[in-house]
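Here are a few exercises to work through with the coordinates open beside you. Try each task on your own before reading its solution.

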Amino acid sequence: MAASFSYRAASSRRATALRRTASSRRTVFPRRTVLSRRAAGSLAATAVLALALGASPALASSAPAGQSTRLAQVAQTGQVAQSGQAGQVTRAGKVTSTTVQLELRQDGVLHVKEEVVFEGDAPSRDLVDRTRYDDGSDRLYRVTGLKGDATLTGETITLKGTGNATLEYDVQGAVTPLADAQELRWYAVGAWSVPVEQAKVSVSGPATMQNLSCFAGPLSSAIACTEASMDHTGVTAEFGQQDLGAGEVLTVVVGYPTGATKGAPILERRFELSNAFTLNAVTGGALAGLLLLLLGGLGLLYWTRGRDARVVGHESGSLSGVENGHFAPPDGVRPGQIGTLMDEQADVIDVTATIVDLAVRGYLRIDEQPRQTYETPDWRLVRMPAAQVASLMPYERELYDAIFDGHDAVLLSELKGSFGTKLGKVREALYRDVVTQGWFARRPDTVRTRWTTIGVVLTGLGVLATVALAWFTTYGVLGLALIIAGAALAVGGQYMPAKTAKGAGALAHTLGFREYLAGADIGGDVPVAQRVELFSRYLPYAVIFDSVDRWARVVSSVTGNGQQADHLYWYHGPAEWDLSRFADSMRTFTMTTSGAISTTRQFRSL
């Protein structure tokens, strides 16, 4: 206590010394006339006003004393009446004095009363509502219950009235429990929009004060204020500060014993990338759980897909060669069906192979058109009048109708317009067909779409969760885990369609047949008279298996009588064309047809 009174006395002596210094620095004007600061200010104001009104400096200096005094007063209040003008010039003003009473209550709420005397326009004050608490949190100060001659907009208090104002409000979050004490810290005065000449603060609380301190200047200033003392009871403290600049703050700090109040700081987590993705027991456990979930999902995927692999591995060893009686595709299975069965997709190549298959089976004929060296090749597809169209499978009939659309012949280059729209029906019919055959329990495209959609939605939720968790907590890594899981599910959804046991068996037979077409020795086992028809029948399957070059050369190497022919029964070339050119023609035809189908955007392009 003695130290506090000594501190105040020292401050008083320092103020006295400053006044003496100021009085020793009086300004001396000519004619040995000594002017006070007020008189000098009045003279300056008189001269300024005279100049503003258009008078000369001599006229301003020769004004009567009473008029000079009045002009000085007008200049000090910031109002200048101008001849012929209705407007006024207003100065910024100042706070002459502010008296603040702080009462700390048992519940930790700080009740504040302020009396403010000011000049000029009513000033405003920005309350300190947030400060840094630690590396991860900000401290909040909540001001509520404002009443009196002021309004609160956001965190700005604006005074009302002219010359003086009285206001009251409550502050929450100004008390901090420490290891062996409680600390009250509040920014009692400031930051006003104008300078403050004199500030007085008194603090009272529910217990005896243990210590006190104060700081003046910017918010982070550590410079002591002008006055700080407590009375002999230790229950009330007083603080004072002179000449606070605009925006500067007077901070008071008072220490109380532990348990004096129930107050506590109000903390809000501060977003920083450095702590938004913390790895701890919670996030680590969640990541471990995600790992187990992903491994379990892979195991389930292996079980559903591994069933196909086991059947294929078992069957392919006995179905791959002619000697085992499998020199043929699965009974009654068409090339388009095999293509959809193998990759679970209705592809462009499946439709191309089906067109070739329809020609080989006598439903249409492919006529290669004559062309010059640099012309684009083209083919005419001709409807065969004797073909039994009613015997076609649904997807074949849809394709047949899409090609001809009521015409007897059509150029491949003219397949557009309604052709593209009708190809959508071909795709739908192919997917229905593999379910009808019993190869899939559900349409592969529907299964893929469902799981992929779930994965995309889960990824989107993961993005939102990551942003929310990183912003409000330190568990942002959990959101990343959700994103990873969703992305994995979206990618894995492409492999979710699973074949039935019947479908796996048909696939095994198909793969054996593919091995034969790709590498088997085509010897003399097939009678010469049957080679063109038999090898032609296998050509559409070679299109599916990407062996069209090899098998087209096989077809072009033999004829029914052992002599080179001008054309096949299902493929006609232009003049001066013979079967030796068939391999090149067939390769170009499949590429051109696949391109024409791809432009319709109805099928996945390979």
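A residue counts as buried when its relative accessible area is under 20%, and as exposed when that area is over 50%. Please keep in mind that the model is predicted. As background, the protein has 16 helices and 23 strands, and buried residues make up 41% of its 606 residues.

**Exercise 1. The disulfide**

Solution: 
- Step 1. Search for cysteine sulfur pairs within 2.5 Å. The count comes to one disulfide.
- Step 2. Cys214 belongs to strand β15 (residues 211–217), while Cys225 sits in the loop between β15 and β16 (227–230), so the pair ties together parts that are eleven residues apart in sequence.
- Step 3. Take the torsion about the S-S bond: at -65°, the link of Cys214 and Cys225 is left-handed.

**Exercise 2. Helix α7 and its partners**

Task: Work out how α7 is oriented relative to α8 and to α13, and list which residues make each contact.

Solution: 
- Step 1. Start with α8. The axes of α7 (residues 335–343) and α8 (residues 348–360) come within 8 Å and cross at roughly 160°. Angles over 145 degrees count as roughly antiparallel, and α7 and α8 are therefore roughly antiparallel to each other. Their crossing is right-handed.
- Step 2. List the contact. From α7 come Pro335, Gly336, Gly339 and Thr340, and from α8 come Asp350, Ala353, Thr354 and Asp357. Sorted by type, the residues of the contact of α7 with α8 give two nonpolar, four polar and two charged.
- Step 3. Turn to α13 (residues 501–519). Here the axes of α7 and α13 are 10 Å apart, at an angle of about 110°; α7 and α13 are therefore roughly perpendicular to each other.
- Step 4. List this contact too. α7 supplies Ile338, Leu341 and Met342, and α13 supplies Gly503, Ala506, Leu507, Thr510, Leu511 and Arg514. The residues of the contact of α7 with α13 divide into six nonpolar, two polar and one charged.
- Step 5. Check burial. Seven of the nine residues of α7 are buried, so α7 is largely enclosed by the rest of the structure. Among the buried ones are Gln337 and Ile338.

**Exercise 3. Backbone angles to check**

Task: Which residues does a cis peptide bond join, and where are Asp243 and Glu576 found?

Solution: 
- Step 1. The cis peptide bond joins Gly190 and Ala191, with omega about -10°. Ala191 is in the loop between β13 (182–189) and β14 (196–204).
- Step 2. Asp243 has a positive value near 55° without being a glycine. Asp243 lies in strand β17 (residues 236–244) and, at 60% relative accessibility, counts as exposed.
- Step 3. Continue to Glu576, another non-glycine residue with a positive phi, about 65°. Glu576 is in the loop between β23 (571–572) and α16, and is exposed, with a relative accessible area of 76%.

How values were computed
Residues are numbered from 1 along each chain as its sequence is written. This is a predicted model: local features need pLDDT of at least 70, side-chain atom pairs count only at pLDDT 80 or more; totals for chains, interfaces and linings use all residues. Side-chain values use heavy atoms; hydrogens and water are left out. Helices (H or I, at least four residues) and strands (E, at least two) are DSSP runs, numbered from the N terminus. Axes are lines fitted to C-alpha atoms, for helices over the stretch in contact, and angles run from 0 to 180 degrees between N-to-C directions. Angles under 35 degrees count as roughly parallel, over 145 as roughly antiparallel, 65 to 115 as roughly perpendicular and the rest as oblique. A crossing is left-handed if the near helix is turned anticlockwise from the far one by less than a right angle, and right-handed if clockwise. Contact means heavy atoms within 4.5 Å. Ala, Val, Leu, Ile, Met, Phe, Trp, Tyr, Cys and Pro count as nonpolar, Asp, Glu, Lys and Arg as charged, and the others, Gly among them, as polar. Buried means under 20% relative accessible area, exposed over 50%, partly exposed in between (1.4 Å probe, protein chains only).
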